[in-house]
Every structure is written in structure tokens, then in C-alpha cells.
Amino acid sequence: MLTVTDRAIERIGAHFADRARRPVRVTADTSACGSSALELAEDRVREADVVFERDGIQIVVERNFLAAAEPIRIDYASRSFVIDSAYHNEDACCRDCCGCD
């Protein structure tokens, strides 16, 4: 299940106000040690995706990732998106740099 608040839809719509709309992907942010964060990025619809559409905005999530992360809730508050989910990356900690084990 994916829930997108009115504020998040409005902000995504504003992002595309002066450009062609593209699907917005929910994905894992694997750039930082210890990260279990999710992020949004412009992308395209792929064969293995589940597509959610609201007010002409497509949110896409890879089917297997959705099963591991749901429920996902996307909101917008204080100048940034807030994405809550059940996702936890067990392999995110490198065990060397930050003591996250």
C-alpha cells in the first residue's frame, strides 16, 4: 500500500509546473552508511513496477521492493519530503565508519 498526502501531491505537481511530468520513483537511498531512508527520483515506468496515479502524477515502486517496504506514506513538511515505511536495510552498515551495529 502507498499513501501520498495532499501536500506531497501539491509539491510534486509544483516540481513539474514548468516541465513535462515524469513518473516519480520511490527507492532506497543507499548512499550513506547505516541508511534505511527512502527517496524520490524522476524515472520511467519499468516492467516490474507497480504504478500508483493521483491527480495525473505517477508514483512508481518496484514490485518486490514494495512488498518489503509497505506500507509507504509520502508527505511533505518543512521544505522536504517525509517518507515513512517498514523498510530496513540490514546490509546498510559497513561496521567500520560509524559504529551503527
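I start with Val 60, which lies in strand E5. Helices (H or I, at least four residues) and strands (E, at least two) are DSSP runs, numbered from the N terminus.

Before going on, a note on the source. This is a predicted model, in which local features need pLDDT of at least 70 and side-chain atom pairs count only at pLDDT 80 or more, while totals for chains, interfaces and linings use all residues. Residues are numbered from 1 along each chain as its sequence is written, and side-chain values use heavy atoms, with hydrogens and water left out.

Is Val 60 buried or exposed? Val 60 has a relative accessible area of 0%, so it is buried. The cut-offs are under 20% relative accessible area for buried and over 50% for exposed, with partly exposed in between (1.4 Å probe, protein chains only). Contact means heavy atoms within 4.5 Å. Leaving aside neighbours within four places in sequence, Val 60 is in contact with Pro 23, Val 24, Arg 25, Val 26, Arg 44, Val 45, Asp 49, Val 50 and Val 51. Arg 44 is 16 residues from Val 60 along the chain, and their C-alpha atoms are separated by 8.2 Å.

**The core and helix H1**

Next, the nonpolar core, meaning a set of buried Ala, Val, Leu, Ile, Met, Phe, Trp, Tyr and Cys residues joined through side-chain atoms within 4.5 Å. The largest one has 21 residues, of which Leu 2, Val 26, Ile 59, Ile 72 and Ile 74 touch the most other members. At least two residues of this core come from each of E1 (2–4), H1 (6–15), E2 (24–28), E5 (57–62), H2 (63–69) and E6 (72–77).

Which residues of H1 are buried? They are Ala 8, Ile 9, Ile 12 and Gly 13. Seen down the axis of H1, they fall within an arc of 135 degrees, so they line one face of the helix; the arc is that of the directions from the helix axis to the C-beta atoms. These buried residues pack against E1, E2, E4 (49–54), E5, E6 and E7 (80–84).

Two strands pair if DSSP finds at least two bridges between them. E1 and E6 run parallel and are joined by three bridges. Within this pairing, Leu 2 stands opposite Ile 72 in E6.

**Backbone exceptions**

Most residues other than glycine have a negative phi, and most peptide bonds are trans. What joins Glu 70 and Pro 71? A cis peptide bond does, with omega about 5 degrees, and Pro 71 lies in the loop between H2 and E6.

Asp 55, in the loop between E4 and E5, has a positive phi near 55 degrees. Its relative accessibility is 56%, so Asp 55 counts as exposed. Ser 78, in the loop between E6 and E7, has a positive phi of about 50 degrees. Ser 78 is exposed as well, with a relative accessible area of 70%.
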